[in-house]
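Trainee: I have a new model open on my screen and would like to talk it through. Could you help me read it?

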Number of protein chains: 2
Amino acid sequence: MAGDGRIKQVIVVDASLGLPPGKLAAQAAHAAVIGFLTAPAPLQRGWLQSGMAKIVLACDSPDELARIAAAADASGLPTGLVRDAGRTVLEPGTATCVGIGPAEADAIDEITGALPLLR
Amino acid sequence: MAGDGRIKQVIVVDASLGLPPGKLAAQAAHAAVIGFLTAPAPLQRGWLQSGMAKIVLACDSPDELARIAAAADASGLPTGLVRDAGRTVLEPGTATCVGIGPAEADAIDEITGALPLLR
């Protein structure tokens, strides 16, 4: 599919975990940084120069999060799956969210286009 | 004060805004990336190599957030103040959070050491 060149980053959170706000914020921040560092330099530059568009979406189970992360990675998208160290709220190693991109918006939408915004 | 060399990143959120979870996650992610990009390369490397420690704290007013961001910047810490584009939940330009670091933990604690974790 021909894209329009827009570059964005999507963070998909497993909403079934019911993360408390501070934990949610930290995990999403982690995903954003890992996604950024995983992206090739032209996508990094394009994203920074175009305002760092970032969208946080929700999925509803660990299985769905794992499936989305695997699909993104298999598509060659910058993909950063975040696992919690598990010292407080979660079991150690629980996957909480995945950062996808910065990458072309259309390519990310093929993986995440059906997911709702995290509310 | 002599530090022990630990490097971390702190994100301070204005909890008085009562950001909904998706907005909170996106703003914190933005702060984390800006803080990272603002840091000098040795701190970036040191943070990445030591596990990217990240802590999310709360302050309780716009004035306090502005004061903390100004103090961090004046101390020479990597500082990324995030303002919301304001298309949905907030007034345009509302400051939501600030990313401080990656930097030496002791130096950040001099600015943020009295703040509670965001719950």
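Mentor: Let's begin with a term: rings of Phe, Tyr and Trp (its six-membered ring) pair if their centres lie within 6.5 Å, and planes under 30 degrees apart count as stacked, over 60 as edge-to-face and the rest as tilted. This is a predicted model, where local features need pLDDT of at least 70, side-chain atom pairs count only at pLDDT 80 or more, and totals for chains, interfaces and linings use all residues. Residues are numbered from 1 along each chain as its sequence is written, chains are lettered from A and ligands numbered from 1 in the order in which they are written, and side-chain values use heavy atoms, leaving out hydrogens and water.

Trainee: How many aromatic pairs are there over all chains?

Mentor: The search covers the whole structure. Its count of aromatic pairs is 2.

Trainee: Are the planes of F36(A) and W47(A) stacked, edge-to-face or tilted?

Mentor: Their ring centres are 5.8 Å apart. The planes meet at 40°, so the pair is tilted.

Trainee: And which helices hold F36(A) and W47(A)?

Mentor: Helices here are DSSP runs (H or I, at least four residues), as strands are (E, at least two), numbered from the N terminus. The pair ties together parts that are 11 residues apart in sequence. F36(A) lies in α1 of chain A, and W47(A) in α2 (residues 41-49) of chain A.

Trainee: Is W47(A) buried or exposed?

Mentor: Buried means under 20% relative accessible area, exposed over 50%, and partly exposed in between (1.4 Å probe, protein chains only). F36(A), at 4%, counts as buried. W47(A) has 0% relative accessibility, so W47(A) counts as buried.

Trainee: Which element gives the largest share of the side of chain A that touches chain B?

Mentor: The two chains bury about 1,700 Å² between them, 84% of it on carbon and sulfur atoms (accessible area, 1.4 Å probe, lost on being put together and summed over both). On chain A, the elements giving two or more residues to that side are α1, α2 and β2. The largest share, 13 residues, comes from α1(A).
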